[in-house]
Amino acid sequence: MNEAVAREAANEADEVRTVEDDNIDDMYLTFKVGDEDYGVVISVVTEIVGMQRIMGIPDVPAYIKGVINLRGKVIPLMDVRLRFNMPEREYDERTVVIVLDVGEAPMGLIVDRVSEVLEIPASQIDRTNNGPANAGRSVVSGLGRIDERVAILLDENLLVSDSDVSLAVEVDA
């Protein structure tokens with residue numbers, strides 16, 4: 001794993017945390033999975049680390065790759081490619097783990113690569129309809145328009161709230 005890539009992304013995330021508190025809700029860590037740009041609100045990102053040895057866990061969905069021991073803390077890992085029913089691919093030097101602090105336990109998202117931290121004001125986000133007509137509740141909270149690109153913004157609470165994901169989180173309990 002290219003530790004410089006993880007360090008560079010982590011440094012960028014640290015720089016964002018120095019931004020005034022009123023802007024933090026508009027800041028998103030963007031990353032690539034396949035050909036698509038995704039984003040999560042920066043306030044739930046605790047760190048970005050390189051790939052490490054993953055210990056498998058029995059009886060969990062295929063997208064839960066296992067857990068890592070990160071400085072004495074057990075972090076369950078979700079492969080976002082598999083979570084979104086994309087084809088699996090080998091991890092490479094650009095593959096990183098984005099550690100989120102959501103709810104009561106951390107969760108690591110394995111992504112193809114980290115892109116950048118962007119400010120996406122609410123006026124540039126087209127919200128998805130998660131109302132009663134959409135009973136399945138999408139993990140997509142909105143589509144952020146960034147110049148000519150669009151980033152799919154994820155609702156981290158729904159992404160990691162599945163009962164399947166809870167099984168992996170209980171390993172840490």
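So, the largest cavity in this predicted model has a volume of about 30 Å³. A cavity here is a set of points on a 1 Å grid, over the protein atoms alone, where a 1.4 Å probe fits but cannot get out, and a residue lines it if it has an atom within 4 Å of a point. Grid points are joined across faces, edges and corners, and the volume is the space filled by probe spheres set on those points. Rolling a probe the size of a water molecule over the atoms shows where empty space is left. By this rule, the count comes to 1 cavity of 30 Å³ or more.

Which residues line the largest cavity? They are D79, R81, Y91, T95, I110, V111 and D112. That lining divides into 3 nonpolar, 1 polar and 3 charged residues. For those classes, Ala, Val, Leu, Ile, Met, Phe, Trp, Tyr, Cys and Pro are nonpolar, Asp, Glu, Lys and Arg are charged, and the others, Gly among them, are polar.

A quick word on the ground rules. Because this is a predicted model, local features need pLDDT of at least 70 and side-chain atom pairs count only at pLDDT 80 or more, while totals for chains, interfaces and linings use all residues. Residues are numbered from 1 along each chain as its sequence is written, and side-chain values use heavy atoms, with hydrogens and water left out.

Now the whole chain. Its secondary structure comes to 4 helices and 11 strands; these are DSSP runs numbered from the N terminus, helices being H or I with at least four residues and strands being E with at least two. Of the 173 residues, 46% count as buried, meaning under 20% relative accessible area with a 1.4 Å probe and protein chains only.

On to the sheets. Strands of a sheet pair through backbone hydrogen bonds, either parallel or antiparallel. Two strands pair here if DSSP finds at least two bridges between them.

Why is β2 described as largely enclosed by the rest of the structure? Because 5 of its 6 residues are buried. Strand β1 (residues 27–33) pairs with β2 in the antiparallel sense over 6 bridges, and V33 has E36 as its bridge partner. The two strands form a hairpin with 2 residues between them, and G34 in the turn has a positive phi of about 65°. β2 also runs parallel to β11 (residues 149–154), joined by 3 bridges, where Y38 is partnered with I152. Then β11 pairs with β10 (residues 140–146) in the antiparallel sense over 6 bridges, and G142 has L153 as its partner.

The other open sheet I want to show has 5 strands, ordered β3-β6-β7-β5-β4, again with mixed pairing. Here β3 and β4 are at the edges with a single partner strand each, so one side of each lacks a neighbour in the sheet. β3 runs antiparallel to β6 (residues 96–102), with 5 bridges joining them, and V49 is partnered with V97.

Last stop: P61, in the loop between β3 (45–50) and β4 (64–70). Is P61 buried or exposed? It's buried, with a relative accessible area of 17%.

Conventions. On a 1 Å grid over the protein atoms alone, a cavity is a set of points where a 1.4 Å probe fits but cannot get out, and a pocket is an open set with protein on both sides within 12 Å along at least five of seven lines; lining residues have an atom within 4 Å of a point. Buried means under 20% relative accessible area, exposed over 50%, partly exposed in between (1.4 Å probe, protein chains only).
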